[in-house]
Amino acid sequence: MSDAESRASRRRKLVKPASTSAPGKDRWILSYADFITLLFAFFVALYSLSLKNADDEERLKESLQGVFDAVQKSVKPINIGDPIVGEPADSELVESIPIPESPPVVEEDQSSAVYALLSRLVEQQFSGLHQSGQIEVSESADWVSLEMKSALLFGQGEYELTNEAVALLIMVANLLQAYPSAVIVEGHTDNVPINSQRLGNNWNLSSLRASAVVDELVYRGLNAERIAPMGFSSEHPKVRNTNDFARQQNRRVIIRISKRRADNLYDYLFK
């Protein structure tokens with residue numbers, strides 16, 4: 001081999017192939033994520049429109065527009081590779097019900113503004129569920145309570161929220177953000193023992209269900225310092241567990257909202 005050929009061969013070995021990577025080449029993942037988000041919202045709509053109650057169907061058709069907006073605008077974009085200049089900032093959740101800009105101070109000895117707004121929300125958006133006893137709003141001297149049957153929020157023996165539950169909790173979170181009060185989420189079960197190694201017992205199930213509701217409300221913007229879950233197992237039944245219907249009434253989650261303003265739940269309860 002001649003010297004010229006030898007030098008040319010060495011040059012070919014030393015030349016590195018050009019890098020095929022380019023900034024943002026993997027950003028197709030963002031488009032894919034957007035597609036999955038829209039697909040999720042589409043199935044939320046299909047599920048809601050399949051409800052037998054025509055009144056709920058009409059209400060949910062209106063309220064689920066907020067689900068489309070909230071799901072799309074609450075997903076934070078994932079930066080892959082070098083950041084792109086001029087990328088839009090995260091969008092805030094779109095409120096699905098009107099909230100007063102300056103809510104009145106809640107007085108303990110009066111019917112609270114939270115109770116009035118929560119009752120109107122349930123009656124206007126979920127009247128069918130309210131009439132069937134799946135959702136109930138009540139009031140005591142210190143607390144406003146939103147009680148939801150577990151069958152509305154979860155599958156049997158599960159603690160993952162249903163799509164209908166997410167749609168409801170989005171609107172509840174929007175309301176609670178305007179009223180800085182202490183919030184406690186209670187989980188309750190019936191007295192039937194759980195036959196599951198994954199869950200263990202009703203204490204775990206009630207706590208996990210309450211935590212799932214808290215997680216969703218915090219994800220939707222509620223201050224985490226003002227809310228906490230509590231699992232009560234079957235220790236505080238609403239009615240006696242004498243039959244299947246009674247046990248169904250006892251399987252529930254209750255969101256309790258204090259009538260007194262508070263910036264921190266721990267201080268509210270223990271100081």
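A nonpolar core is a set of buried Ala, Val, Leu, Ile, Met, Phe, Trp, Tyr and Cys residues joined through side-chain atoms within 4.5 Å, where buried means under 20% relative accessible area (1.4 Å probe, protein chains only). The model is predicted, with local features needing pLDDT of at least 70, side-chain atom pairs counted only at pLDDT 80 or more, and totals for chains, interfaces and linings using all residues. Residues are numbered from 1 along each chain as its sequence is written, and side-chain values use heavy atoms, without hydrogens or water.

**View 1. The largest nonpolar core has 37 residues.** Leu146, Val185, Val213, Leu217 and Ile255 have the most contacts inside this core. Among the elements that each supply at least two of its residues are helix H4 (113-125), strand E3 (181-188) and strand E5 (252-261); helices (H or I, at least four residues) and strands (E, at least two) are DSSP runs, numbered from the N terminus. The largest share, 8 residues, comes from H7.

**View 2. Contacts of isoleucine 255.** With residues up to four places away in sequence not counted, Ile255 touches residues including Leu146, Leu169, Val185, Val213 and Leu217 (contact: heavy atoms within 4.5 Å).

**View 3. A second, separate core has 6 residues.** Trp143, Ala182, Leu265 and Tyr268 are among them.

**View 4. Glutamate 147 lies in strand E2.** This glutamate 147 is buried, at a relative accessible area of 10%. Its side chain makes a polar contact with the side chain of lysine 149 (2.9 Å); a polar contact is a pair of N or O atoms within 3.5 Å, and within protein one must be able to donate a hydrogen and the other to accept it, with residues adjacent in sequence counting only if both atoms are side-chain atoms.

How values were computed
Buried < 20%, exposed > 50% of the residue type's maximum accessible area, 1.4 Å probe, protein only.
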